[in-house]
Amino acid sequence: MFTGLIREIGRVETIRRRSEGLALKVACQETAPEASSGDSIAVDGACLTVETVSGEGLTFFVSRETVDKSELSVVVPSDLLPFIVEKGSIALSGVSLTVARFQGGIATVALVPTTLKATTLGEKKAGDSLNVETDLVARHVVGYMRQTGRGSGLSIDDLKEKGF
């Protein structure tokens, strides 16, 4: 959880469905005492508005649009699969993002409303094509492993020796 700068890691206490979205309560003892109703605070990358402050926690309203638009999953072309790892970098249509989940050839990234508004990703629909660029470090590591034939025998010392 952060307000401009990363401040602390909060803990989700409750998520309640509402007809128009969700109510998300987060325990965040460092942030809550200084927060006020109406403050904008990023939670896991999504900018949310504080509804209520109670004790050491904050309750946010999460609109249906935020829920619907804050996850994007992309089928990764098979030749790029070796270069994708969870928490690694991926660029989709020129937008640098972090892979939140990678399973079965599908990379999922979290998108925040600002990114959706400021890039073409907000205009994309299911089935649209995207330019996919993979993590530079992953490409170098996989390339090194292929060149040396050391698939599972790669060590930290090997990487250091090659300048990583």
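The model is predicted. The chain has 164 residues, and 34% of them count as buried. Its secondary structure comprises 12 strands and 4 helices.

**Overall make-up**

**Nonpolar cores**
- In soluble globular proteins, nonpolar side chains tend to be buried together.
- Here the largest nonpolar core holds 18 residues. Ile90, Leu92 and Leu97 have the most contacts inside it.
- Strands S9 (89–92), S10 (95–103) and S11 (106–110) each give two or more residues to this core, as does helix H3 (136–148).
- S10 gives the most, with 3 residues.
- Beyond its neighbours within four places in sequence, Ile90 is in contact with Ile84, Val95, Ser96, Leu97, Val99, Ala107, Val109, Val132 and Glu133.
- A second, separate core has 14 residues, including Leu24, Leu48, Leu58 and Phe60.

**Glu8**
- Glu8 sits in the loop that links strand S2 (5–6) to strand S3 (11–18).
- Glu8 counts as buried because its relative accessible area is 11%, below the 20% cut-off.
- A polar atom of the Glu8 side chain lies 2.6 Å from the backbone nitrogen of Thr31.
- The backbone nitrogen of Gln29 lies 3.4 Å from a polar atom of the Glu8 side chain.

Definitions and conventions
Residues are numbered from 1 along each chain as its sequence is written. This is a predicted model: local features need pLDDT of at least 70, side-chain atom pairs count only at pLDDT 80 or more; totals for chains, interfaces and linings use all residues. Side-chain values use heavy atoms; hydrogens and water are left out. Buried means under 20% relative accessible area, exposed over 50%, partly exposed in between (1.4 Å probe, protein chains only). A nonpolar core is a set of buried Ala, Val, Leu, Ile, Met, Phe, Trp, Tyr and Cys residues joined through side-chain atoms within 4.5 Å. Contact means heavy atoms within 4.5 Å. A polar contact is a pair of N or O atoms within 3.5 Å; within protein, one must be able to donate a hydrogen and the other to accept it, and residues adjacent in sequence count only if both atoms are side-chain atoms.
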